[in-house]
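Here is a quick tour of one protein model, written for someone who likes to know the cut-offs. Have a look at the structure first.

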Amino acid sequence: MNTVLLSAVLSLSVVASAQTPPAPTPIPQGAPVELRGLWVDAFGPGIKTPAEVDQLVADARAMNVNVIFAQVGRRGDCYCLKAAMPPTDDPAVPAGFDPLADLIEKAHPLGLQVHAWIITTAIWNSPTPPKSPAHAFNAHGPDRAGQGNWILGKFDGTVKAGSDWLLDPGHPDAAEYIRNMYVSVVRNYDVDGIQFDRVRYPDFNPVGGPNGWGYNETALARFRAETGASGTPAPEDPAWAAWRRAQVTNLVRDTALAVKAVRPDVSVNAATITYGAGPTTDEGFTGTRTYNEVLQDWLTWVREGYLDLNVMMNYKRDFVPEQAGWFNTWAAYAAGLRVRSPEVTQVSGASIYLNDQASTLNQVRKTRGLGLGWAGYSYRTPDADVNAGKRTPAEVLPELTARLTGPGGPFASPARWVRPDAAALRALRGTVTTAGTAPLGGRTVRLLAESGEELAHTTTNGLGGYGFLRVPDRAVRVEVGGVTGEPVTAPAGRVTDLPVLTLP
């Protein structure tokens, strides 16, 4: 090749490489409805700068996914500027930049949903305290005394789960703070959904349980007052395990009610645990590691309508036969739940970071074959090679995208996802109080038909709150401790607040 021609070719190459790639096109309105999600964590690049957000929405659209589960709450902070949590101290975020607002602004025109993923209980993990005095760790951390200390403790005196300090769900003030984290994001941003993560008691327990966490002094005092127990319960105490499990369930319920009271069409979902083998029946769920080892009863959340999406973290290596069997069992169980609780979408979340790309595609196909939604963890680590540091996301993402969307790929055609139908919501919430000093928490609340038939039941939280998210379109009453409220017919499309019910 002569010098002139070579120079011309190089010039054309430079011009071509400098051209702006074509803008992503929106998901067609007529595309079929199928949830395809992508988790974007905040432990690396993803949403921290305008350029990262641009790249993310382009990559997500190219992959033909339609829901971005974006981690905006990491440990008591927010990758946003308008929330109950202070803005993150992460130095990768430019001063004054609002990652969540920018992501919503760029994702929505393409038909991509944005769900605000917040770690529910983790609050801090650094020896250097957060900069903001308002941060929950500074205001209610391990150096605080009495009810001002919200930190979760373990039976053996440990106050950190690995590197993390966590909030105790059994502490009424901590539970209220957690609820407000999610609600504040919904009030201030046009998110399509909120996602709980680590909404449970922590790991670092024997396989299969018992769970050794929950020993915050305020939480222990509540347990004793509400149950009549004395002393310090052992981790394996069945009443103590049931009480702690109820604290997590009530937290999910109360947050769902509070979110729906602000915006009925916002999706409430949770990234749920699937350790080990899955159950084959609903009765078998109480024998799972999920139920006993981390005290997470997400089956109740599905049955009672606390969730719009149940996003199982079905993180299994497809090339390991035992784990592939676990994956299949949990996925098959979720497929059964689709039939028994059709109002709740079941999603099998996949650990793309633990699998090679062929294994990921195999899991996608199995998931879709069962009629489940799919979500991949994570955008930052799209296959096992990236997770092991052998390759970069920039090298792997185009390959994975081509496998997913190419001819014969499971996502060859785009699909869309839609928000919950606000008109389908019919919910009640209320509070009990007492004339004396008896505890407000732990009281059974029954939802009754006019005939007296029990339609559902729940328990009050530490502040006396309760609620129901699946209320029939007819007159009902609530009953607590022999005291019955007035009949009420819950209107559609909203959360209805009941008068305070005063108990003896």
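## Ground rules

This is a predicted model, so to speak: local features need pLDDT of at least 70, side-chain atom pairs count only at pLDDT 80 or more, and totals for chains, interfaces and linings use all residues. Residues are numbered from 1 along each chain as its sequence is written, and side-chain values use heavy atoms, leaving out hydrogens and water.

Helices (H or I, at least four residues) and strands (E, at least two) are DSSP runs, numbered from the N terminus.

## A covered strand

Strand E3 (residues 113-119) is mostly covered, with 7 of its 7 residues buried; buried means under 20% relative accessible area, exposed over 50%, and partly exposed in between (1.4 Å probe, protein chains only). In a regular strand the side chains alternate between the two faces of the sheet. Both faces of E3 are covered: Val114, Ala116 and Ile118 are buried on one side, and Gln113, His115, Trp117 and Ile119 on the other.

E3 pairs with strand E2 (residues 67-73) in the parallel sense over 6 bridges; two strands pair if DSSP finds at least two bridges between them. Glutamine 71 has tryptophan 117 in E3 as its bridge partner.

## Two helices side by side

The axes of helix H5 (residues 172-188) and helix H7 (residues 238-262) come within 9 Å and cross at roughly 30°. Axes here are lines fitted to C-alpha atoms, for helices over the stretch in contact, and angles run from 0 to 180 degrees between N-to-C directions. H5 and H7 are therefore roughly parallel to each other (angles under 35 degrees count as roughly parallel, over 145 as roughly antiparallel, 65 to 115 as roughly perpendicular and the rest as oblique).

On the H5 side, the contact (heavy atoms within 4.5 Å) is made by Ala175, Ile178, Arg179, Tyr182, Val183, Val186 and Arg187, and on the H7 side by Leu251, Asp254, Thr255, Ala258, Val259 and Val262.

## An open sheet

Further along, 4 strands form an open sheet in the order E13-E12-E15-E16, with antiparallel pairing. Its edge strands, each pairing on one side only, are E13 (454-459) and E16 (483-484).

E16 pairs with strand E15 (residues 476-480) in the antiparallel sense over 2 bridges. Valine 480 has valine 483 in E16 as its bridge partner.

## A loop glycine

Glycine 162 sits in the loop between helix H4 (136-140) and strand E5 (165-166). Glycine 162 is partly exposed, at a relative accessible area of 45%.
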